[in-house]
Amino acid sequence: MVVQDSMDAGDGRMGVPLEPFLHQVGGHLSVMQYDEHTVCKPLISQEQKFYESLPLAMKQFTPQYKGTITVYLQRDSRGHLSLVANPLKENQGPFKVSTESAVVAIWQTLQQTTSSIGGGTHPLAQWQHAQLAHSLKESPAKALLKSEFHFSTEVPSPVEDAGGKQAERRNFNPWGLHCHQAHLTRLCSEHPENKRHRFLLLENVVSRYRYPCILDLKMGTRQHGDDVSEEKKARHMRKCAQSTSACLGVRVCGMQVYQTDKKYFLCKDKYYGRKLSVEGFRQTLHQFLHNGTCLRTELLEPILRQLQALLLVIRSQSSYRFYSSSLLIIYDGQEPPERTPGGLHPQEAPQTALSSSPRNLTKVDIRMIDFAHTTYKGSRNELTTYDGPDPGYIFGLENLIQILQDIQEGE
C-alpha cells in the first residue's frame, strides 16, 4: 500500500496527469486512470476503511487496494484544467508519450471543436476502437491530456430505451467522460483550485483485456446507506421499487459489449437499466454475451462458476451489508481461438504451467466495487448493527445465477 501526500502543486513537471477512464460504464463518481494497471477515484472514508479491513475471502472478488494519493487541479497557460496526482516514487521517471495516441487526439480534437460542433457527427465517434485500445495499453500519454469538460453537452450518453431502440453505437464508452466533466465542474464550483483532494488507488481490473466487455450490476434490494438523509432514502427506495432491484435484487447500471462484426462497443447506461422489466433484464444479459455475430456460450460456465463461488463468500460474511455496491462481470470481446489441441475452447481447457492464473485462463472476471455505503460490525460509520449475511445481495446473486443458467440451457 502506498500513501503519497507531499509535493509542491506548483511543480507541474512532477505531477501525473490523470486520464478519464474510458471503460467506466456506470456510477456517478469519476474514475481516473493513473497508469495502465491502476485507476483512482475520490476517497470516501467508509470505502477506504472497507478496503483496509477487507476479509481475506473477499479479496479475489474486489480490486486490489493500492493506497491513497493526493490530487489537485492544474490549469495550463491556455486555461485548460486537468487533474494531477502526486506521483508514486516508482513512477517519477520521464513519461514516454506517443504522438499517435488516440487518447491524445480525442482530447485535442474535443478542445478544438467544442465551440463549433452543432450539426455534424462528433469527431469522437469516428475513432476506431482498436486504435484507442492500443493507445491505452501501450502509450497512456498522460502528459498531453487536457480537459475543458464540454463533453456531456456535446455528445449524448449511450441511452437506449427499454424496447431496445435507438442504441448509441460507440467506439468507446462515453460515460466515463461524462462523469469526468461533471466531476471537474463540481470541483471548480465547490473548492479553490489549489485544494488537495484525496483519491483511492485501485487495480485496473480490465487492463489485461483487449476489448473489455463490462456489465455493471447494482446489487441488492436496498440501495441507500444508513447515514443518508430521509430525502435521499426516499429517492433510492423509489428507484428500487420501480426497477428490477425490488423483484430480482439486481439491476443494470451500465454495460459495454464489443460487436466484432462492426468493430464498436454497444453501450447502455443506468437510465436504460432502470426501465427494464424482468424479461428486459434477461434479454440484456443475453445481449451482453452476444458479440453481434453469435452468443458467447463458452463464457457462461466460467461466469456461473465464479458467481457461485462469490455467493458462498457472501453467505459467510456476517453483519456485512453492501448497500449501493455494484458487481462487474468482465470478459474479453476479442474473438477466441477456434479450438485447443484437445478440442476444447480455451475457456474450457485444463490449466497448464504456462497459465498459472485461473483468470488468465478463462478471460472472465467477477468483481465487487463501490463500498461507500457498506456497513459491518466495527466499521467507522456504523449506525446500525446487522446479524447474518446480506439477504438482499444474496437474493440478487441467486436470481442472476438462475437467469444465466436459463440462458445456458437455451430457455
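Mentor: We will take a helix pair, then a core, then one arginine.
This is a predicted model, where local features need pLDDT of at least 70, side-chain atom pairs count only at pLDDT 80 or more, and totals for chains, interfaces and linings use all residues. Residues are numbered from 1 along each chain as its sequence is written, and side-chain values use heavy atoms, without hydrogens and water.

Trainee: At roughly what angle do α9 and α12 cross?

Mentor: Helices are DSSP runs (H or I, at least four residues), numbered from the N terminus. Axes are lines fitted to C-alpha atoms over the stretch in contact, with angles from 0 to 180 degrees between N-to-C directions. Here the axes of α9 and α12 (residues 391-408) come within 10 Å and cross at roughly 60°.

Trainee: Which residues of α9 and α12 make the contact?

Mentor: Contact means heavy atoms within 4.5 Å. α9 gives Phe281, Arg282, Leu285 and His286; α12 gives Leu400, Ile403, Leu404 and Ile407.

Trainee: Which residues have the most contacts inside the largest nonpolar core?

Mentor: In soluble globular proteins, nonpolar side chains tend to be buried together. A nonpolar core joins buried Ala, Val, Leu, Ile, Met, Phe, Trp, Tyr and Cys residues through side-chain atoms within 4.5 Å. The largest has 66 residues, and Leu327 and Leu404 have the most contacts inside it.

Trainee: Is arginine 296 buried or exposed?

Mentor: Buried means under 20% relative accessible area, exposed over 50%, partly exposed in between (1.4 Å probe, protein chains only). Arginine 296 has 3%, so it is buried. Its place is the loop between α9 (278-288) and α10 (300-315).

Note on methods
Helix = DSSP H or I, 4+ residues; strand = E, 2+ residues; numbered from the N terminus.
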